[in-house]
Amino acid sequence: MLEKISLIPTLQRRKHMLASPEAQRRILAEIPVPRFSTKLAEAGLPTLRATPQVEVLQINVGRRCNQTCHHCHVDAGPDRTEVMPPEVVEACLAFLERAAIPTLDITGGAPELHPAFDEMVRRARAMGRHVIDRCNLTITRLPNYAYLPAFLAEHQVEVIASLPHYALEGTDAQRGDGVFAQSIAALQEFNARGYGRDPALQLNLIANPLGPELPLPQASIEDTWRRELLQRYDIQFTRLYTLTNMPISRYLEHLLTTGELHAYMELLVNNFNPSTVEGLMCKTILSVGWDGRLYDCDFNQMLDMALPQTILALTPADLAGRVIRTGAHCYACTAAAGST
């Protein structure tokens with residue numbers, strides 16, 4: 001029997017000050033670091049703008065999750081009730097087709113908990129779109145969701161899964177006791193369905209540091225991960241991505257509690273790398289919240305830095321060349337080798 005996952009209450013459940021995006025923005029704005037726009041100008045870079053064509057429609061279908069990870073920038077958990085309503089789902093799929101966007105990226109929470117998750121996958125694939133599922137792995141160990149590896153394989157959905165470390169301690173410390181064991185079992189099931197072995201079935205992992213430090217470059221650790229996961233658990237995967245811990249939500253709480261916020265922000269600023277700006281995801285994606293509001297990226301979404309439009313009344317022309325909203329949190333995506 002797989003070990004039961006331990007859970008912590010969400011910020012919202014605890015009525016914590018940081019449950020408010022406004023409070024998070026205020027705290028970040030008070031840190032004495034250069035404005036991100038100023039840093040761009042100092043590097044001789046222009047104002048950050050989106051590309052004319054949206055390449056990825058990323059939809060956050062809700063905050064419900066079967067886990068409550070310590071580093072979660074969404075503050076997702078079992079006690080969250082936000083869920084994308086049917087009219088917003090329809091608007092997202094209609095815009096995906098109308099704007100000829102090649103990729104649908106479904107995230108949450110645990111996106112698979114949304115009652116229309118399967119329908120969204122089927123319809124997007126019927127349009128010929130590439131579909132990404134941001135999977136926490138443990139969702140597939142629940143009886144009602146054990147079908148997911150086979151379903152996702154049938155529709156050739158790319159799986160991007162969080163696994164902070166290839167060892168138990170590094171993963172459970174971030175995601176809760178019992179998560180690592182269930183994640184390994186899930187990865188083995190995905191491998192059994194062809195994921196990570198068949199080129200058509202991409203199984204990509206995302207790793208992030210445990211503490212307030214920068215992740216090691218992807219290229220330098222991917223071989224280590226391949227070797228360790230194969231030798232220890234006979235697990236194969238397609239690519240490893242590294243993610244810098246975003247100083248918002250529950251990780252912001254951690255930094256404030258430990259007194260490490262200012263030092264961490266200085267680390268990010270001091271390692272600002274201008275060469276990462278060209279590949280920033282905010283330039284090519286459009287992020288849709290569960291309620292239909294629009295954002296430049298998922299992190300801006302969690303800080304409630306919304307665009308004026310909604311998915312319910314949107315044309316591709318509304319978005320062409322838009323100026324991207326930035327803040328101190330943007331340093332996390334541009335430090336050192338950059339963040340996925």
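Two strands are said to pair if DSSP finds at least two bridges between them; helices (H or I, at least four residues) and strands (E, at least two) are DSSP runs, numbered from the N terminus. The model is predicted, so local features need pLDDT of at least 70 and side-chain atom pairs count only at pLDDT 80 or more, while totals for chains, interfaces and linings use all residues. Residues are numbered from 1 along each chain as its sequence is written, and side-chain values use heavy atoms, with hydrogens and water left out.

Strand β7 shows both kinds of pairing. With β1 it runs parallel, joined by 4 bridges, and Leu57 has Leu286 of β7 as its bridge partner. With β8, strand β7 pairs in the antiparallel sense over 2 bridges, and Ser287 stands opposite Tyr295. These two strands form a hairpin with 5 residues between them, where Gly292 in the turn has a positive phi of about 95 degrees.

In a regular strand the side chains alternate between the two faces of the sheet. In β7, Ile285 and Ser287 point one way and Leu286 and Val288 the other, and all are buried (under 20% relative accessible area, with exposed over 50% and partly exposed in between; 1.4 Å probe, protein chains only).

Further along the sheet, β3 (residues 130-135) and β4 (residues 158-162) run parallel, joined by 4 bridges, with Cys135 opposite Ala161.
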